[in-house]
Amino acid sequence: MTTNGKFGGYGGQFVPETLMQELHEIETTYLKLREDPKFQRELHDLLDNYANRPSLLYHAQHMTEKLGGAQIYFKREDLNHTGAHKINNVLGQALVARYMGKRKLIAETGAGQHGVATATVAALLGMDCEIYMGKEDTERQRLNVFRMELLGAQVHAVTSGSMVLKDAVNAAMQAWVADVTDTFYVLGSAVGPHPFPMMVRDFQSVISIEAKRQILEATGKLPDAVVACVGGGSNAIGSFAAFLDDETVQLIGCEAAGKGVHTKQQAATITNGTDGIFHGMKSKFLQNQAGQIDEVYSISAGLDYPGIGPEHAALAQSGRAQYVPITDDQAVQAFEFIARTEGIIAAIESSHAVAYVEKLAPTMRPDQTIICTLSGRGDKDVAAIARYKGVKIDE
Amino acid sequence: MSKVKQIFANHKAFVGFVVAGDPSLDATVDNILALAAGGADLIEIGIPFSDPVADGPVIAAADKRALDRQVTTDDVFAVIRRVREQSNVPLVFLTYANLVYQVGYQEFCRRCAELNVAGMIIPDLPYEEQDELLAATQEFDLDLIQLVAPTSKSRIKKIAQRATGFIYVVSSMGTTGTRDNFQTDLRAVTDEIRQYTDTPVAIGFGIHTPEQAHAMSQVADGVIVGSQIVELIEKAGDQAPEQLTAYVREMKRAID
């Protein structure tokens, strides 16, 4: 839980004064709604009847046999409406926005999944929607841009900086400062100023609340490990939340090591980051000694973010969760492995987590279990994987 | 009375802003001296940041130009040292929290005091997050300049009561950059501030013409001009110092 928006020494509200009153109003509204049965009913009705929850907990028998160790279960967030865990959080935040009387949603997006989810929910609730996306990412993820536009959203291609996720967050924050009275900024990950990391964690905790119930039904005991990929860390914090007090459950976040943690082309924030203040929060960031934020890289547009949610920074510091770097090569190999073994085309983000499961499972006993969250499906990444492998396909 | 507050004692103040290192460290020294020669009462020295989210495109581009030349916080302190060999013009820093945090709040303040930099403006360090830096500024007798926004509402009282030096009133929503119209009822904001403090009030964000400066000086104790100066430096090349001096003189006449 948070105290004044702090997780250990991390978190807080490092934003321009223009936003402070609004952040307090969001916090007050949300804390009230969190306890409000009507809001919770409305949210869960949408989650169950629109987003297709609960998502499956799938026992991956073939992979379990091949790897010869722990029983592997996949929490199938890829089966949600819009194809990723992002919808859980967007439904929650959009309802908060509507309760606050806002008529417009804005959001940043990296790979496009959060943008698609926001555009989807804006359409559903009859709200205006504008999405900020790095120009580089709009080119990597053209299909998702088109999806957002089909859903009625306006997509702004951000040309500042390295034109990726970090720059999209900057642009969305600036747009929000300019129009804070009408607009709600639907933050896509467990990052940013308080109360966002708390809200996003709460809305994504549906993943682990369900997974805990499902694994107890399936095996009669808690899992031994929970594995999830981490960029900002929303699916990971959602996957960890209900297990935080279960000390026997090992929690592992997999971050993007890109071309290797010893190269400049990586985004392994816990492995290589240092404490800093950016995007409204105190957390770990990839930055130079003077405090200039690095331009980072991952094959996955959703993971190339130079920071990490403050709760993850605190969990890493306390040792409650571990964070491991996974390279592009390892993720691509895992992408193909799960496709061929289980017939699941998982997002390249999620494939980072699958890659670690491949390492971890053989070290464990067959009476032990791993839950790995498949945060999204890989349709959007098929062209990128083809490019990576030098295969020419006609999109 | 703090050094910054004294500036506002007998007249309306003109506050200018430059990004250190844009277009070069040498030029920054000359430009600061040129602003002082024109009569700038206080100069904000921007320490460039990779992601200046409170700034509009003009200042963001200047930050980028400086960072492309590898300008560091240490370089900026070196610029101030050179200015101090020639001028005692009042200076404050404007930068983002991370750059100050990386130096260390206490060490940053110590170095400011050493170079007679009177204080700092940190746009992403609101009231709630200031305790640690505030303690350091107090130890070294510096001003942590408070910002008040059009949305500050019930926050104005506590911000005003903490303020020293001057209060930076943000004229309008959004990022820095020149504007032609101001929607906010700035008189209402400054009147409310004055109920709680005698700390002077200066208005910034968007001001670029003498007419705007004159209008703002009717409701505030000073005006702050950033983007217009940064743009002038960008366009004027070698002629920048001369043009800066002339520009400040014109703006000073408008607010006196």
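Tutor: A residue counts as buried when its relative accessible area is under 20%. The model considered here is predicted. For "active site", an unreviewed UniProt entry lists B:Glu44 and B:Asp55. Both B:Glu44 and B:Asp55 belong to the lining of the second largest cavity.

B:Glu44 lies in strand E2 of chain B, which spans residues 42-46. Its relative accessibility is 1%, so B:Glu44 is classed as buried. Beyond residues up to four places away in sequence, B:Glu44 touches a set of chain B residues, among them B:Val15, B:Phe17, B:Val92, B:Leu94, B:Ile121, B:Tyr168 and B:Ile224.

B:Asp55 sits in the loop between E2 and helix H3 (57-68) of chain B. With a relative accessibility of 6%, B:Asp55 is therefore also buried. Apart from its neighbours within four places in sequence, B:Asp55 is in contact with B:Ala60, B:Tyr96, B:Thr175 and B:Thr176, and with A:Gln174 of the other chain.

That last residue leads to the interface. The contact involves 35 residues from chain B and 30 residues from chain A. About 2700 Å² is buried between the two chains, and carbon and sulfur atoms give 52% of this area. On the chain B side, B:Asp51, B:Val53 and B:Glu129 lose the most area to chain A, together accounting for 21% of what that side buries. The two chains are joined by 3 salt bridges. In a salt bridge between B:Glu129 and A:Lys6, the closest N and O atoms are 3.2 Å apart.

Technical notes. Residues are numbered from 1 along each chain as its sequence is written. Chains are lettered from A and ligands numbered from 1 in the order in which they are written. This is a predicted model: local features need pLDDT of at least 70, side-chain atom pairs count only at pLDDT 80 or more; totals for chains, interfaces and linings use all residues. Side-chain values use heavy atoms; hydrogens and water are left out. UniProt positions are given in the numbering used here, feature names are shortened, and annotations may be inferred rather than shown by experiment. On a 1 Å grid over the protein atoms alone, a cavity is a set of points where a 1.4 Å probe fits but cannot get out, and a pocket is an open set with protein on both sides within 12 Å along at least five of seven lines; lining residues have an atom within 4 Å of a point. Helices (H or I, at least four residues) and strands (E, at least two) are DSSP runs, numbered from the N terminus. Buried means under 20% relative accessible area, exposed over 50%, partly exposed in between (1.4 Å probe, protein chains only). Contact means heavy atoms within 4.5 Å. Buried area is the accessible area (1.4 Å probe) that two parts lose on being put together, summed over both. A salt bridge is a side-chain nitrogen of Lys or Arg within 4 Å of a carboxyl oxygen of Asp or Glu.
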